[in-house]
Amino acid sequence: MSIKFTINIPNNTQLAILFAGSLNGRACRYDYVTFNFETSLEELIELLKASSEEYWCGYFLEVLDIHNNGNSSASYKNVLEAYGGMCSFNDLTLNFISDSEVAKVEKIRRDLYHFCKSKKRGPFGAFGFKE
């Protein structure tokens, strides 16, 4: 049995804590992950540059610029729009970087999606995004 808590803290940072324990209620391990939107975008952009991926590098540079200009909601929306459909960001395969760098891109890609998805308000995000 495992339990995951996600806490949004200031500066677009998210803290996720995972507790895993046996059925008798004794915790046998815990782990935590912090996620920062801006830092993750910057790292993703650098990895995409290293892979010579110009389109998605430019796309996420625009997302970062939108976010840095104070429009967090639009930046979260733009990130989510990059996923799904043919030739989307989740279909991207990378060349010219190491396996460990590809693994970093995969982790950032997954974390960005979940972070932005957590910012949606209401059912199906019908009422915009949380700041």
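The protein exposes about 8,300 Å², and carbon and sulfur atoms supply 55% of that area. The model is a predicted one. Four helices and three strands make up its secondary structure.

**Overall organisation**

- Along the sequence, the elements follow the pattern β-β-β-α-α-α-α.
- The protein has 131 residues, of which 38% count as buried.
- Among contacts with a separation of 6 or more, 43% are between residues 24 or more positions apart.

**How helix packing is described**

**Helices α1 and α2**

- Helix α1 covers residues 37-50 and helix α2 covers residues 54-68.
- Their axes come within 9 Å and cross at roughly 155 degrees.
- Angles over 145 degrees count as roughly antiparallel, and α1 and α2 are therefore roughly antiparallel to each other.
- The crossing of α1 and α2 is left-handed.
- On the side of α1, the contact is made by F37, E38, L41, E42, L44, I45, L48 and K49; on the side of α2, it is made by W56, C57, F60, L61, V63, L64, H67 and N68.
- The residues of this contact of α1 with α2 comprise 11 nonpolar, two polar and three charged.

- Which residues of α3 are buried? They are S72, S73, S75, Y76, N78, V79 and L80.
- Helix α3 spans residues 72-81, and seven of its 10 residues are buried, so α3 is largely enclosed by the rest of the structure.

**Helices α3 and α4**

- At what angle do α3 and α4 pack? The angle is about 130 degrees, and the axes are 9 Å apart.
- That angle makes α3 oblique to α4.
- The crossing in which α3 passes α4 is left-handed.
- Helix α3 contributes Y76, V79 and L80 to the contact, while α4 contributes L112, Y113, F115, C116 and K117.
- The residues of the contact of α3 with α4 divide into seven nonpolar and one charged, with no polar residue.
- Y76, V79 and L80, which make the contact with α4, are also among the buried residues of α3.

Note on methods: Residues are numbered from 1 along each chain as its sequence is written. This is a predicted model: local features need pLDDT of at least 70, side-chain atom pairs count only at pLDDT 80 or more; totals for chains, interfaces and linings use all residues. Side-chain values use heavy atoms; hydrogens and water are left out. Axes are lines fitted to C-alpha atoms, for helices over the stretch in contact, and angles run from 0 to 180 degrees between N-to-C directions. Helices (H or I, at least four residues) and strands (E, at least two) are DSSP runs, numbered from the N terminus. Angles under 35 degrees count as roughly parallel, over 145 as roughly antiparallel, 65 to 115 as roughly perpendicular and the rest as oblique. A crossing is left-handed if the near helix is turned anticlockwise from the far one by less than a right angle, and right-handed if clockwise. Contact means heavy atoms within 4.5 Å. Ala, Val, Leu, Ile, Met, Phe, Trp, Tyr, Cys and Pro count as nonpolar, Asp, Glu, Lys and Arg as charged, and the others, Gly among them, as polar. Buried means under 20% relative accessible area, exposed over 50%, partly exposed in between (1.4 Å probe, protein chains only). Accessible areas come from the Shrake-Rupley method with a 1.4 Å probe; for residues, only the protein chains shown count as cover.
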